[in-house]
Amino acid sequence: MPETQALSAPQKALRKLGLTRDIDLALHLPLRYEDETRIVKLRDARDGDTVQIEATVTDSHVALRPRRQLVVTVDDGTDTCTLRFFTFYPSHQKTLARGAKLRIRGEVKGGLAGFQMVHPTFKPAGGALAQALTPVYPTVAALPQAYLRKAVLSGLSRADLSDTLPPDTATEGLWTLRDALQFLHHPSPDVSLSALEDRGHPAWQRLKAEELLAQQLSQLQSKREHERLRAPAFEVRAGGLHEQLLRVLPFELTLAQRRVGEEIARDLARETPMHRLLQGDVGSGKTIVAALAAAIVIDAGSQCALMAPTEILAEQHFRKLIGWLEPLLAPRALRVAWLTGSQRKKERGEMLQLIASGEAALVVGTHAVIQEQVQFRELALAIIDEQHRFGVEQRLALRGKMGRGVPLRVREEMRSSRAEARHTEARHPEARHSEARHSEARHPEARHREASHPEARHPEASHLEARHPRESGDPGGLSQKTLDPRFRGDDDLARGDDDLARGEDDLTRGEDDLARGDDDLARGDDDLARGDDDLTREGDDLTRGDVEPQEPHLLMMSATPIPRTLAMSYYADLDVSTIDELPPGRTPVVTKLISENRRDEVVERIRAQVAAGRQVYWVCPLIEESEALDLTNATATHQQLTQALPGVMVGLLHSRMPVPEKKAVMSLFTGGQMGVLVSTTVIEVGVDVPNASLMVIEHAERFGLSQLHQLRGRVGRGAAASACILLYSKGVAGHLGETARARLKAMLETSDGFEIARRDLAIRGPGEFLGARQSGAPLLRFADLSTDAPLLQWARRLAPLMLDRYPALAQRHIERWLGSKSQYLKA
């Protein structure tokens, strides 16, 4: 659609639906169909049928009771029918006047008073009948069906529907795309409506096959593009931080954790950026696996970032990582930084400085980590927890924090020079000492100044030496530090170069060699200095095509396991690691379904648990459409439990509380002083209190299945027997809905996260199951993974062959189905 200064309301509505190209309109398929190809006699109509009749108005009047309405009686010669309109205008009364002959379409309801229709469509009788079923399209306000039908018909006639399948593809029995779309927009009246609605017709099969192929092509293309990118490679060093962390852990890793850890370590050892999803059930120990991955990267002098969706979850990670890593990082003058949106300006400024200088080897936080003012010195690993809660743009923003290129020429030169230096030092260790003595003889005043004023040395060089004392067996791998002129002195010292002493002497004398490309420091290596200058100028070489893009490794974690069908389709561009084993010592959680009417019994159960020294969660629902109401509910529950449990500290936690109050409440609960915590779903993930043995979920029928499973995972983390009580209410209707019943039944029957995920997918469908990923990845509009597995397998086989042999056709196919959406798969 061409750009115009002033769009009409229907044109704006078309854009809102994403219908901007001819092919978009052609692929906007009907929601349902109306049969306007024949006239039905009232005597042949059945209760509940939607029919089209031609009849004469025998009576028309406005009734005021029980509410104001236009009541019209019509007769088609075989029976009569009453039409009721609760919203009407004078023009309606005129058209529906006594004696008018009309063609009427609506749903017939039978009863003691005879047939009636409520708000049927109508127009003057006569005129030709439709030759095909009338499509009814998904629409929005300000976009009438008549306008949308014309737009779709116009787009269908103009769209390029030529075949994009390879010529050697077996398409026998498949309709062409053009025939399939023409048929689905205007099916003939003899076609079964049920075949159209259940999408089993051959025309639907063609569309579903093409859609699945487009998805597989785009994800395979994304994966191949990702594999062409470059990232720093990290080896597990003998006796390094990774091994040190394993030695000090107070528990043994499970076999599943070790297997997954090895998969991640292999990814980090490659120069291709890791793009891995780490999935595991609630409490399976994903955090320690992430910490071990971070240890490999930190050991090589790079930085890591861990981003969590909520401050409570981020703080939980921070506490664990501080306990594991801080004692090991302190001797290296490194630390774990904490960054959230609620920090005071002074504290936040200090954290930003630590991150920029590199002293913060690991940064833990919320969305604040991806804000523009956060500048990493050398981010090499990004970890995203509960990744489905972040939008695509947020995940891309964290990956973009590395965002610099390394000139290929410089990489090769640095590799060869480092290797030559190590080789020389191994053969002539006395040469390094000789050079050092020679430098000292030439600049004795520098040594004197260093001895008397150690702070006079360049702060970056001094800081770096404290962080990275030279060790034997240094692998000497390339890093951004190697190419940064501020840190060149450290590398030269490791190679036995005497340039550091000269560089420090120059710096002490106030000479700004750093700003001039550090000529004195890198004398004799002009090309390398020019490479460094290019790098510090934000990669001028990149525009000349002489730069290898650098990306951080990406590890995404999820406690919502991904069913195999989704892993094959929506996550085909990711490598998936699964922790399918829980740590020993976890007690199984007993799940009970109890009616709201037995609330008093639940309170007695809580009293017994608290008396035994245990702690209890009571979770109230939080639904966005009625958030204020639910917070009132949580507050009321808090008051009721406070009165019912005298002498017991009962806390309240919800998302609208100020952050200091949240922290104070959580501190009291994790410390054991608070016996009962009434909360909304802010404690769904990340909260780890081993002493908590009872979880009560109020209005459990209003929660999603994976959410219920996550909440249940907050208990059973210690040795005590634990239980989860699902309090349900039948509501005004007096019974539970089918979806709610299916969710609660699943919770009672299994505690296996993978089975829960499979059932959740069956209940909700992939679009809702995937959550935030739908903002970018192309969700399937037509195919159904539960019934179209053979088509998915066909698409998976064809996609690599098509990209290899027919890349132009593959690109056309992706453009047709996805347009610009395929870029989001990079997240």
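Is W817 buried or exposed? W817 has a relative accessibility of 8%, so W817 counts as buried. Here buried means under 20% relative accessible area, exposed means over 50%, and partly exposed lies in between, with a 1.4 Å probe and protein chains only.

This is a predicted model: local features need pLDDT of at least 70, side-chain atom pairs count only at pLDDT 80 or more, and totals for chains, interfaces and linings use all residues. Residues are numbered from 1 along each chain as its sequence is written, and side-chain values use heavy atoms, with hydrogens and water left out.

**The whole chain**

- The chain holds 32 helices and 23 strands. Both are DSSP runs numbered from the N terminus: helices are H or I with at least four residues, strands are E with at least two.
- Of the 827 residues in the chain, 51% are buried.
- Take the contacts between residues at least 6 apart in sequence: 77% of them join residues at least 24 apart. Contact means heavy atoms within 4.5 Å.

**Cysteines**

- A search of the whole structure finds 0 disulfides. A disulfide is a pair of cysteine sulfur atoms within 2.5 Å.
- C81 is buried, at 1% relative accessibility.
- C304 is buried too. Its relative accessible area is 0%.

**Helix α24**

- Helix α24 covers residues 599-611, which is 13 residues. From first C-alpha to last it reaches 19 Å, close to the 18 Å expected at 1.5 Å a residue. The expected span is 1.5 Å times one less than the number of residues.
- The buried residues of α24 are R599, V602, V603, I606, Q609 and V610. Seen down the axis of α24, these buried residues fall within an arc of 120 degrees, so they line one face of the helix. The arc is that of the directions from the helix axis to the C-beta atoms.
- An α-helix has 3.6 residues a turn, so residues three or four places apart point the same way.
- Exposed residues D600 and A611 sit on the face of α24 turned away from its buried side.

**Aromatic pairs**

- A pair of aromatic rings is described by the distance of the centres and the angle of the planes.
- Rings of Phe, Tyr and Trp (its six-membered ring) pair if their centres lie within 6.5 Å; planes under 30 degrees apart count as stacked, over 60 as edge-to-face and the rest as tilted. By this rule there are 7 aromatic pairs.
- One of them joins W175 and F183, edge-to-face, at 5.3 Å centre to centre with 70 degrees between the planes. W175 is partly exposed, at 28% relative accessible area. F183 is buried, at 12%.
- The ring centres of F782 and W817 are 6.1 Å apart and their planes lie at 75 degrees, so this pair is edge-to-face. F782 lies in the loop between α30 (766-770) and α31 (789-805), and W817 lies in helix α32 (residues 807-818), so the pair ties together parts that are 35 residues apart in sequence.
- F782 is buried, with a relative accessible area of 6%.
- W204, F782 and W817 are linked into a cluster by ring pairs.

**Tyrosine Y728**

- Y728 belongs to strand β23 (residues 722-728) and is buried at 17% relative accessible area.
- Y728 and R702 are 26 residues apart along the chain, and their C-alpha atoms are separated by 8.6 Å.
- Beyond its neighbours within four places in sequence, Y728 contacts several residues, including L593, I594, L736 and L744.

- Most residues other than glycine have a negative phi, and most peptide bonds are trans.
- A cis peptide bond joins R65 and P66, with omega about 0 degrees. P66 is in the loop between β2 (50-63) and β3 (69-75).
- A333 is not a glycine, but its phi is positive, near 60 degrees. A333 sits in the loop between α11 (311-329) and β11 (335-339). It is partly exposed, at 28% relative accessible area.
- H699 is not a glycine either, and has a positive phi of about 50 degrees. H699 is in the loop between β22 (692-697) and α27 (705-712). It is buried, at 18% relative accessible area.
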